[in-house]
Amino acid sequence: MTDAIGYERVGDIAVLKAQNPPVNALGLDVRQGLVDGIERAESEGAKAVLIYGDGRTYFAGADIREFGKPPQGPFLPDVCTRIESSPLLVISALHGTALGGGLEIALGSHYRIAVPSARIGLPEVLIGVMPGAGGTQRLPRLIGIDASVDVITSGRQVGAKEALSLGILDRVEEGEPREIGLAYAQELLDQGAPRRAISEMPAPEAVDFDALYDSVLKKGRGLLAPAVAIRGIQACCELPFDEGMKRERELFMELMSTDQRQGMIHAFFSERAVSKLPELKGVEPRALNSLGVIGGGTMGAGIATAALLAGLPVVMLEMTPEAAEAAKGRISGNLQGALKRGKISQEKFDHLTGEALTLATDYDALSDVDLVIEAVFEEMGVKKEVFGKLDAVCKKGAILASNTSYLDVNEIAASTSRPEDVIGLHFFSPAHVMKLLEIVVADKTALDVVATGFELGKRLKKISVRAGVCDGFIGNRILATYRKAADHMVLDGASPYQIDKALTDFGFAMGPFAVADLAGLDIGWAVRKRKRAEGMDPRERDSSYMDKICEAGNFGQKTGKGYYVYEAGKRGGTPNPEVTELIEAERAEKGITPKEFTDEEIVTRYMAAMVNEAAKVVGEGIARRPLDVDMTLLFGYGFPRYRGGPLKWADMQGLDTLLANIKSYAEEDDYFWQPAPLLEQLVAEGRTFDDLNKENS
Ligand code: T1G
């Protein structure tokens with residue numbers, strides 16, 4: 001027996017307790033312990049076996065940390081079959097999250113009982129694989145094709161009540177898993193209940209699996225795993241059980257060898273590592289029981305909504321009572337959405353828009369809050385005026401935060417007498433929906449203020465990323481660069497629509513030009529005008545064709561026209577022919593002979609620009625680790641999760657290839673394409689961005 005599985009005997013029942021914190025992952029010792037436990041129970045004459053998990057959960061799946069390492073037996077499919085084929089009655093008692101291989105162990109058991117708060121699921125597709133220990137062979141036999149296709153291709157967690165109605169669970173009962181499990185096992189023994197092996201149940205009727213495969217693949221926008229899992233369910237319907245198990249394993253191993261699996265698992269561990277900074281170890285956050293927000297526009301109202309939903313009372317400060325009421329209107333609108341989706345009750349809605357939200361027009365109302373977030377107009381003078389007032393009224397130890405998306409947080413901090421209490425908290429619109437939060441640490445920001453920023457991020461269920469101070473921090477700085485690469489390709493011959501298509505095919509939620517229309521073309525126009533006014537380097541390429549579109553009052557989706565033309569009630573837009581005409585005119589004016597771009601070349605250039613700038617951001621310490629950049633792009637800029645992030649993707653492409661591409665582009669334009677020193681160093685040393693992640697975590 002291994003220590004990972006405890007063994008005890010209670011009357012005729014042998015009890016196997018999983019004890020592998022934090023989530024009883026089914027690592028080698030756990031698998032061996034389960035097999036040893038079953039054999040011992042059989043050899044010691046037990047009549048039944050109860051399997052349950054100690055700590056916070058039943059098995060939460062295979063041990064993902066073992067992926068990619070040399071596989072060692074006993075293998076999970078065999079463990080499940082060993083459990084199922086035992087002559088003893090095997091009962092699993094579930095609590096916490098019985099996921100993936102954990103649910104497969106339970107499906108290998110003859111009976112399943114759970115506590116009401118338990119959640120079950122087969123989330124393997126969320127890490128780029130599929131169930132590989134019988135999930136696609138046993139679940140369809142138990143609950144049919146439609147329900148198992150939903151559970152397996154969505155990867156969603158199913159509550160105990162629904163799992164009982166689906167027939168996955170046999171019983172749901174309040175109590176401790178060991179106790180309800182023992183009582184249920186004894187009851188089954190007393191009733192002389194039969195062993196029920198799901199593998200012996202008839203397989204459901206086959207359906208048109210090719211059509212199902214195609215529709216699931218289309219829905220996944222390039223993610224392979226859900227579609228391949230369909231082939232596993234197909235095997236369940238078309239092959240005898242043992243052959244179906246073999247087929248499932250083949251498909252599972254195919255997915256294990258994909259870049260998508262690497263990308264998804266990198267994302268899984270990185271989203272958990274990104275908020276763990278070595279310098280914050282042992283640093284206690286300050287008190288965080290109340291929040292103030294200044295500016296009730298879209299961003300301010302979104303931030304207030306996120307805070308209210310997280311249980312933080314909010315003081316919303318606006319210049320006039322009318323503006324304050326308008327802010328409340330926006331917040332109520334956001335909360336209406338949560339009410340409609342059943343996320344909150346009417347009672348909760350009334351509380352959040354009632355006593356939890358205080359409207360104010362006087363800064364004194366902020367004198368007692370723990371943290372204030374300013375979300376006013378993006379102009380340094382206005383910011384300094386606001387922080388001057390906050391400095392005067394806020395209590396000692398209060399944290400003063402700015403939601404600026406590119407202004408110098410050091411300069412804002414220097415406008416107060418307490419720069420150590422100033423930090424940037426850069427939310428993304430809509431702030432109560434977007435998961436990303438850039439925590440911008442200024443030169444004098446105190447460590448416990450940084451820790452409080454991460455604490456707030458955790459409370460708001462955000463993915464918080466530490467960023468240093470520079471123009472655009474991590475995300476917007478990199479965005480500005482790959483966006484420029486796209487603009488250059490347009491001037492040189494590509495159409496914005498071909499570029500958008502090539503990048504959505506690559507997996508982005510939207511292409512750069514559709515994103516510009518969503519965000520509002522006036523933002524880019526203002527930036528171009530600001531840069532020209534500040535004086536641009538003559539070597540920097542500038543394009544003016546969109547200025548004419550903006551001058552005509554077209555700012556994208558919000559005005560119904562931009563790069564695309566939008567019809568009310570219709571999703572997406574159609575290409576705006578005026579844009580194509582203006583582009584051709586600008587090329588002619590600049591004497592540019594347009595050239596053909598393949599979709600592949602478009603993606604290669606776009607990604608090269610993104611990776612190169614990202615390497616500069618890491619090299620300069622604006623981002624601490626490459627994974628910080630990856631999580632920023634995944635949660636704030638629609639980067640396809642199954643590619644792991646731009647720097648994980650770069651590692652998988654090979655940094656030497658990328659550097660060679662960048663150097664070849666520099667022959668055309670050595671002003672824009674300046675290879676990042678960090679990239680050159682990693683290539684020279686034969687190292688990867690992942691090596692840097694390991695060294696800095
Ligand atoms: N393997 C290894 N480590 C794991 C793990 C796993 N399966 N699940 C969680 N951890 C670690 C995690 O990295 C973190 O570590 C700590 O546990 C707490 O997790 C054949 C092959 C279970 C819902 O996909 O969804 O079975 O950061 O911070 O928010 O079919 O973790 O503290 O060092 O996320 O309460 C299928 C993945 C595997 C479930 C808990 N199972 N895990 O969430 O805590 S594939 C999964 C989760 C499989 C078979 C196939 C969540 C959770 P650290 P946490 P949480």
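## A buried glutamate without a salt bridge

E124 is buried yet forms no salt bridge. The nearest side chain of opposite charge belongs to R249 and lies 9.0 Å away. Because a salt bridge requires a side-chain nitrogen of Lys or Arg within 4 Å of a carboxyl oxygen, this separation of 9.0 Å leaves E124 without such a partner. The description refers to a predicted model.

In the chain, E124 sits in the loop that links strand 7 (119-121) with helix 4 (135-143). Leaving aside residues up to four places away in sequence, the contacts of E124 are G100, G101, E104, V129, M130 and P131.

Strand 1 (residues 5-10) and strand 2 run antiparallel and are joined by 6 bridges. Together the two strands form a hairpin with 2 residues between them. Within the turn, G11 adopts a positive phi of about 60 degrees. Across this pairing, Y7 stands opposite L16 of strand 2.

Strand 2 (residues 13-18) is mostly covered, with 5 of its 6 residues buried. Besides its pairing with strand 1, strand 2 is joined by 6 bridges to strand 3 (residues 48-53), and these two run parallel. L16 stands opposite I51 in strand 3. From strand 2 the chain passes through helix 1 (residues 28-43) to reach strand 3, giving a right-handed β-α-β crossover.

How values were computed: Residues numbered from 1 in each chain as written. Predicted model: local features only at pLDDT ≥ 70, side-chain atom pairs only at ≥ 80, totals over all residues. Heavy atoms only, no water. Buried < 20%, exposed > 50% of the residue type's maximum accessible area, 1.4 Å probe, protein only. Helix = DSSP H or I, 4+ residues; strand = E, 2+ residues; numbered from the N terminus. Pairing = 2+ DSSP bridges. Right-handed = clockwise from strand over helix to strand, strands pointing away. Lys, Arg positive; Asp, Glu negative; His and termini not counted. Contact = heavy atoms within 4.5 Å.
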